[in-house]
Amino acid sequence: LILFGGMFILYSVYRFQYAEDFHLAAKELNTILGAFNTAVLLTSSLTMALSIIAIQRDQKTLSLFLQVITIVLALFFLVNKYFEWTAKFHHGIYPGSEELLSKSSGEILFFGLYYVMTGLHGIHVIVGMFLIAIMARMTRRGTITHDNYVRLENTGLYWHLVDIIWIFLFPLFYLIT
């Protein structure tokens, strides 16, 4: 939270300082892909929450299934982000590229923040997938049960935090006006 909080403050300062450049740079992003990723992550939050409810109701198989669906949705998010970044790289818009360095300072800052913040978020998604996989294994083995599910609940809280961070990233980068 502190790390992303600091980055959001940094974004705000530069956004205020280079408002027109940020607006221009945001036009390079694909709002439809960003919206799709938002829907995928919101759905994954739902499946994670439902997996906790299922284990509380002693529905182990359903909980396990929902945890796996959450991991699959996270993978969809990462694959989508991969294609989005690949398109930017294909157009020469990546850190240190001649194309990016030929743009204004504000646009360079925008894309620097975009890559750092979405990349850092992606790392958190990978960590979340790993944690949920561990929870799925523990659920399958009977370590997580209807009366012992605190680890799954804490993992769910982490996953919701990852989703909330994206809820802030999406409008800051994709819906900027």
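Is Gln67 buried or exposed? Gln67 is buried, because its relative accessible area is 0%; buried means under 20% relative accessible area, exposed over 50%, and partly exposed in between, with a 1.4 Å probe and protein chains only.

Before going further, the ground rules. This is a predicted model, in which local features need pLDDT of at least 70, side-chain atom pairs count only at pLDDT 80 or more, and totals for chains, interfaces and linings use all residues. Residues are numbered from 1 along each chain as its sequence is written, and side-chain values use heavy atoms, with hydrogens and water left out.

Back to Gln67, which lies in helix H4. Helices here are DSSP runs of H or I with at least four residues, strands are runs of E with at least two, and both are numbered from the N terminus. Which residues does Gln67 touch, leaving aside its neighbours within four places in sequence? They are Ser51, Ile132, Met135, Ala136, Thr139 and Leu152, where contact means heavy atoms within 4.5 Å.

The polar side of Gln67 comes next. A polar atom of its side chain lies 2.9 Å from the backbone nitrogen of Ala136. The side chain of Gln67 also makes a polar contact of 3.2 Å with the side chain of Thr139. A polar contact is a pair of N or O atoms within 3.5 Å; within protein, one must be able to donate a hydrogen and the other to accept it, and residues adjacent in sequence count only if both atoms are side-chain atoms.

Thr139 sits in helix H6 and is buried, at a relative accessible area of 0%. Beyond four places in sequence, Thr139 is in contact with Ile55, Lys60, Ser63, Leu64, Gln67 and Ile144.

Now to Gly34, in helix H3, residues 31-56. Gly34 is buried, with a relative accessible area of 0%. The C-alpha atoms of Gly34 and Gln67 are separated by 23 Å, and the two residues are 33 apart along the chain. Not counting residues up to four places away in sequence, Gly34 touches Trp166, Phe170 and Tyr174.

That brings me to the aromatics. How many aromatic pairs does a search of the whole structure find? The search finds 19. Rings of Phe, Tyr and Trp (its six-membered ring) pair if their centres lie within 6.5 Å; planes under 30 degrees apart count as stacked, over 60 as edge-to-face, and the rest as tilted. One of the pairs is Phe8 with Phe168, which is tilted, at 5.7 Å centre to centre and 50° between the planes. This pair links distant parts of the chain, with Phe8 in helix H1 (residues 2-17) and Phe168 in helix H7 (residues 150-174), 160 residues apart. Phe8 is buried at 17% relative accessible area, whereas Phe168 is partly exposed at 48%.

Phe77 and Trp166 also pair, edge-to-face, at 5.1 Å centre to centre and 85° between the planes. Phe77 is in helix H4 (residues 60-90) and Trp166 in helix H7, so this pair ties together parts that are 89 residues apart in sequence. Phe77 is buried at 1% relative accessibility, and Trp166 is buried at 0%.

Next, the nonpolar core. A nonpolar core is a set of buried Ala, Val, Leu, Ile, Met, Phe, Trp, Tyr and Cys residues joined through side-chain atoms within 4.5 Å. The largest one has 42 residues, and those with the most contacts inside it are Phe110, Phe111, Trp159 and Phe173. H1, helix H2 (19-26), H3, H4, helix H6 (105-141) and H7 each supply at least two residues of this core. H6 gives the largest share, 12 residues. As for Trp159, its contacts beyond four places in sequence include Leu41, Met48, Val125 and Ile132.

Last, the salt bridges, each a side-chain nitrogen of Lys or Arg within 4 Å of a carboxyl oxygen of Asp or Glu. By this rule there are 2. In the one between Lys81 and Glu84, the closest N and O atoms are 2.8 Å apart. Both residues lie in helix H4, 3 residues apart, about one turn of the helix. Lys81 is buried at 7% relative accessible area, and Glu84 is buried at 1%. Glu99 forms a salt bridge with Lys103, with the closest N and O atoms 3.9 Å apart. Glu99 is partly exposed at 38%, while Lys103 is buried at 18%.
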